[in-house]
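Visitor: Could you walk me through this one, starting with the overall picture and then the details?

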Amino acid sequence: MTGTVPTWQQLRDLKRAEFEDAGDGWHEVSGRAGADRVRTDKAMTAKLRETQDSESAKSAVTRLERLSRNFQYVHTECGLIRTTLNSLASELAEPQVRLTQALEDAERLEFTVQADASVSYPPAVVCGDPLIGEKEKKVPGGTALGSARLPLEPHPGLNGRPGFGYVSNPNAAMAQEIADRIARAVRSAAEIDARYARALRGLKAATGLDVTEATLKDVAGDTAAVRRTARVYLGDDLPYDASPAGRKEWWDGLSAEQRREYLDVAPDLIGSLDGIPSLARDEANRNYLPVLIDSLEKQGGEDAQTKLGGLRKIEEKLGEQTRVPMYLLGIGDEGNGRAIVAYGNPDTAKNVSAYVPGLGTKLDDSFAGGTLQRAMDTAKGARRHDPSSASIVWLGYDAPQSVDVMSKGDAERGAPAYNEFMNGLGATNENKDPHITAIGHSYGSLTVGTAAQQGGIPHADDIILLGSPGTGADKAEDLGVGKDHVYVGAADNDPVTQLPSKQQSAAGFAGLLAGGPLGAYVVGDIADRGDDDLYFGKDPASEAFGATRFEVDHGAHPILDGGGFDAHSQYFTPEKDKESANNIALIVAGQPERIKTEEWR
């Protein structure tokens, strides 16, 4: 095909396999470039960074990074060409089949398809004889488009007898219908051909060898263009409505080339799909990250700038060499932003935890700087007890930002998404019986508690509640893992673990409105409340709730010592609360018998 209007003969004779063969060639080039980039990064750049600190070494690293970008550019662009060609071959199949069927029908009826797409048909037959004087007629190619009528033809008489008016020739209608089908097939092929010709013309590299910022943006634009062009080819088979296990089965059933097409061209579709293996999700989201950054840059505005701060920080961290490898399992700009980050591969690790953050968390530079560090600290701590451990931070919902912390709405909306994610962890983990821990901090513990009460958190063996204002449950056994598998860290000087119940004084409620949890602590005089009810149900650290409470550093008093929220924010951090961080790590590593416990409130 050429981008011009094809003839029916060209569509008939089209060898779609030739496009697929060409796509295979581009796939090979793309694969080689991708492998060269990995070798450059791991075998050359990483070793130079680790072993050399001279100016010449820094200069060499800069050049190697440029080479890596070049390889990545070739890898992506060649992959886009491959997908475009494969998609073109796939979409042309339907009009070609429709044309073939029309031609076969014409042959069966002894009609003749002319070079100009008109269809010739034989004269009518009356009483077994052709009309006297009639010759073969034809209808123009596709002019009626389904509106053909049976024409009346003059009947001059049969066998020498006088004529009796006009008769209809049914061949005319059938010929017109075939001509219309041919025309529709050719027009459909022409539309497909023009669309893909535009996409292929856009996949043209700039001159020079340097992949600049503008070039990377061009890659993002090329990806979006190919994605729009190949939307039917790529999107029809995505198992959105399947279970995570069903999606895993679908992914495993794809060829290596098909998986590569999704990763290169539709990374946002794959990167957030629970049930897709972590390595594939990580690659998809790394591919999608510059596209999302470019999109937010074009949007402008305060909200976009906030999310850009978080995404750029994540992008920076992905480029760093870390002791525990980092995997990007999800990103998005929905709501307050989405980000799912793992430290350690959750598919190969025997122990996996997924932590849900709470009040005030959103996709910004604070999330990328502080919240991610909590998952990193948990992974490092757990790996000291069992090297086969991974830790995840899951920002897959909108955590409350201010006074909306008083509502269960965000938790109720986030709980199904968290359960879906946890179901995906179980589907993709390669161990026979992995140990999976659900962790909720602050309002995130309400989200985890709500998820647990919606039929149980899939595959979860243990639940850890940190700085919890309540889970919506009255007893640990209501969380679906057995009360002996629910663990609580609650600092006495953490204001969030001291929120008043809804039945308590209006003063505490007014404090929430005025100054959030700390305001409630002050105005409601919660320290002397004398019961074990919190704002969202029974205090998880109370005897009535029945969970296992572990030792934490109780921190500075929020008022008397000016501690504010310090005690609420240090549970994961070894430098500030070594006891809590180690207890969390032991539970995540599947060794809860070694934790240090303390009395209930």
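Visitor: What am I looking at, and which pLDDT do side-chain atom pairs need?
Guide: Residues are numbered from 1 along each chain as its sequence is written, and side-chain values use heavy atoms, with hydrogens and water left out. This is a predicted model, where totals for chains, interfaces and linings use all residues, local features need pLDDT of at least 70, and side-chain atom pairs count only at pLDDT 80 or more.

Visitor: How many helices and strands are there, and what share of the chain is buried?
Guide: Helices (DSSP H or I, at least four residues) and strands (E, at least two) are DSSP runs numbered from the N terminus. The chain has 16 helices and 17 strands. Buried means under 20% relative accessible area, against over 50% for exposed and partly exposed in between, with a 1.4 Å probe and protein chains only. Of the 601 residues, the buried share is 51%.

Visitor: In which sense do β8 and β9 pair, and over how many bridges?
Guide: These two strands form a hairpin with five residues between them, and Gly335 in the turn has a positive phi of about 55°. Met326 stands opposite Tyr343 in β9, while Ile331 has Ala339 as its bridge partner. The pairing of β8 with β9 (residues 338-343) is antiparallel, over six bridges.

Visitor: How many residues of β8 are buried?
Guide: Even so, β8 is mostly covered, and the buried count is seven of its seven residues.

Visitor: Which residues of β13 point the other way from Asp462, Ile464 and Leu466?
Guide: In a regular strand the side chains alternate between the two faces of the sheet. Five of the five residues of β13 are buried, so this strand is largely enclosed by the rest of the structure. β13 pairs with β12 in the parallel sense over five bridges, and Thr437 stands opposite Asp462. The residues pointing the other way are Ile463 and Leu465.

Visitor: Why is α14 described as largely enclosed, and what covers its buried residues?
Guide: 10 of the 10 residues of α14 (residues 443-452) are buried, so this helix is largely enclosed by the rest of the structure. The buried residues include Tyr443, Leu446 and Val448. Their cover includes β10 (351-356), α13 (409-428), β12 (435-441) and β13 (462-466).

Visitor: How do α8 and α10 cross, and which residues meet?
Guide: The axes of α8 (residues 256-265) and α10 (residues 278-299) come within 8 Å and cross at roughly 35°. By class, their contact (heavy atoms within 4.5 Å) has three nonpolar, one polar and three charged residues; Ala, Val, Leu, Ile, Met, Phe, Trp, Tyr, Cys and Pro count as nonpolar, Asp, Glu, Lys and Arg as charged, and the others, Gly among them, as polar. On the α8 side are Arg260, Leu263 and Asp264, and they meet Ala280, Glu283, Ala284 and Asn287 in α10.

Visitor: How many residues apart in sequence are the parts tied together by Tyr355 and Phe572?
Guide: Rings of Phe, Tyr and Trp (its six-membered ring) pair if their centres lie within 6.5 Å; planes under 30 degrees apart count as stacked, over 60 as edge-to-face and the rest as tilted. The structure holds six aromatic pairs, and Tyr355 with Phe572 is a tilted one, at 4.6 Å centre to centre and 40° between the planes. Tyr355 is buried at 1% relative accessible area, and Phe572 is buried at 3%. Tyr355 lies in β10 and Phe572 in the loop between β17 and α16, so the pair ties together parts that are 217 residues apart.

Visitor: How far is the C-alpha atom of Glu77 from that of Trp26?
Guide: Glu77 lies in helix α3 (residues 55-108) and is buried, with a relative accessible area of 8%. Trp26 is 51 residues away along the chain, and the C-alpha separation is 9.2 Å.

Note on methods. Axes are lines fitted to C-alpha atoms, for helices over the stretch in contact, and angles run from 0 to 180 degrees between N-to-C directions. Two strands pair if DSSP finds at least two bridges between them.
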